[in-house]
Amino acid sequence: MTESGNPIQNDPSCQSDHDPQSLPVTAAWERIRTDLAPVRGIERVSTRLALGRVLAEPVTSGIDVPAHDNAAMDGYAIRGNDIPGSGNATLRCVGTVMAGHTLDGHLQSGECARIMTGAPMPAGADTVIMQENVHRDGDQVVITADEKAGQNVRPAGEDLRQGEIVLAAGQRVGTAELGMLGSLGLVEVPVYRRLRVAFFSTGDELCTAGSSLGPGQIYDSNRYTLYAALQALGAEATDMGVISDDPDTMEKAFADAASFADAIITSGGVSVGDADFVKTIMNRLGQVGFWKIAMRPGRPLAFGTIGEARFFGLPGNPVSVVATWYQFVQPALRRMMGEDPEPPTTFRVRTATDLRKRPGRTEFQRGILQRDDAGELVVTTTGSQGSGILRSVSLADCFIVLPHDSGDVAAGTMVDVQPFHGVMG
Ligand code: AMP
Ligand code: MG
């Protein structure tokens, strides 16, 4: 039984899965997406502080990267015309050019220069011969007919061209992008201001770490989940604690949050029984829709506006928080941060285990990707999929996404998976 005392109304699993009012996952996302725009407000931050931020303007390259034609190998810079048609040719070595230095003069036919990787090509040279491919004796360098004119040279601007837009507005700065900004020699870059997000948990049963559990109480985990998720997203997160299931306290919390936050995220109190009471408050403070989404876990979701702030009311069950975060809240906040996020990466693999599934809802089961004995990538369930079993997420590295109409899935069937983490941040 839930805290508001009505086991039938409050238990989503007791409601029909074919409820015509249920909103498909894609339709719910489309409604959220079209309703959101990036926050206004741009700031210039020093380049390193742009990590994890979203570019507010396109970045145009002021220089060619690399700035000059240079050697891709340690070896000898030559004129391509000096490569013999057959047999060998002997060239005279006229100098050495190290990275960060230049060689004066113009390389003439019959000459070569010792060159190190990254060193600028001497004037007149257009080809680099790997040092392993030559025979050197004093200043005599013997090359063979196997070489190709133009090889082992990195042309100026092969990475980024002067005047070209190299990063678009709306691009999140990750590892590679920070390196690119560095390669342009930029001291600071324009980014959207940080998104301010207030979050709190609702429920009389919730106890915060540091206090002992009273009768019927549990420790609040959702605020930890949301804290982690918001940190990873680079939001400026404000933890407003646990709010009891009391209309006045809740109304005050929402009004407080709306006074400073761009977005408010709560968990709990949006299932059918609870929603009636939260709905009354919301009707006073803003415009919020209470949706039943055809997904599991994470059926109820409230979305709307309170004052100037966007509101996401997530269900209370800990795994539902994770599922609704990934499917809706994270992409929504990214949109508010100035990105236009792509749908989550999905690929198909064989399930190594049977999966139980009821038609009429999209299920986000938790899975582990691994290789089977034949070396094929397969997914295995993490076991019990109850929406209170957070361990099912901790053990997992992907969602197994079972579509709306699918029923039980037998081992060996191809299924869609969404990996939790990419390689690079
Ligand atoms: P509710 O959506 O408020 O009906 O809550 C659904 C279930 O999630 C109940 O079993 C709650 O006790 C549990 N729950 C709600 N909020 C939290 C939380 N912050 N941490 C852990 N469990 C929670
Ligand atoms: Mg509750």
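Asn152 sits in the loop that runs between strand 9 (140–144) and strand 10 (153–154), and in this predicted model its backbone has a positive phi of about 60° although the residue is not a glycine. Most residues other than glycine have a negative phi, and most peptide bonds are trans. Asn152 is partly exposed, because its relative accessible area of 22% falls between the limit of under 20% for buried and that of over 50% for exposed residues.

The bond from Val65 to Pro66 is cis, with omega near -5°, and Pro66 belongs to the loop between strand 2 (59–60) and strand 3 (70–71). The bond from Arg296 to Pro297 is likewise cis, with omega near 0°, and here the proline is placed in the loop between strand 19 (295–296) and strand 20 (300–306).

Is Trp291 buried or exposed? With a relative accessible area of 12%, Trp291 is buried, because that value is under the 20% limit. Once its neighbours within four places in sequence are set aside, the residues in contact with Trp291 are Leu23, Ala28, Arg31 and Ile32, together with Arg299, Pro300, Leu301 and Phe303. Ala302 is 11 residues away from Trp291 along the chain, and the C-alpha atoms of these two residues are separated by 5.9 Å.

Not counting residues up to four places away in sequence, Met180 touches Leu160, Val166 and Leu167. Its C-alpha atom is separated by 31 Å from that of Ala113, a residue 67 places away along the chain.

These local views can now be set within the whole chain. The secondary structure of the protein amounts to eight helices and 26 strands, and the C-alpha trace spans about 95 × 55 × 40 Å along its principal axes. The radius of gyration is 30 Å, whereas a compact globule of 425 residues would have a value near 22 Å. Of the contacts between residues at least 6 apart in sequence, 72% join residues at least 24 apart.

Buried residues account for 45% of the 425 residues. The accessible surface comes to about 20,500 Å², and carbon and sulfur atoms contribute 50% of that area. As for charge, the protein carries 36 positive and 51 negative charges, whose mean positions are 3 Å apart.

The mean pLDDT of the protein is 93, and 95% of its residues reach 70 or more. Over residues 1–17, however, pLDDT stays under 50, although the model has 26 contacts beyond four places in sequence for this stretch. Where pLDDT is low, the predicted coordinates should not be read in detail.

How values were computed
Residues numbered from 1 in each chain as written. Chains lettered and ligands numbered in written order. Predicted model: local features only at pLDDT ≥ 70, side-chain atom pairs only at ≥ 80, totals over all residues. Heavy atoms only, no water. Helix = DSSP H or I, 4+ residues; strand = E, 2+ residues; numbered from the N terminus. Rg over C-alpha atoms; globule rule 2.2 N^0.38 Å. Buried < 20%, exposed > 50% of the residue type's maximum accessible area, 1.4 Å probe, protein only. Contact = heavy atoms within 4.5 Å. Areas by Shrake-Rupley, 256 points an atom, 1.4 Å probe, with all protein chains shown as cover. Lys, Arg positive; Asp, Glu negative; His and termini not counted. Charge placed at Lys NZ, Arg CZ, Asp CG, Glu CD. pLDDT = per-residue confidence, 0-100.
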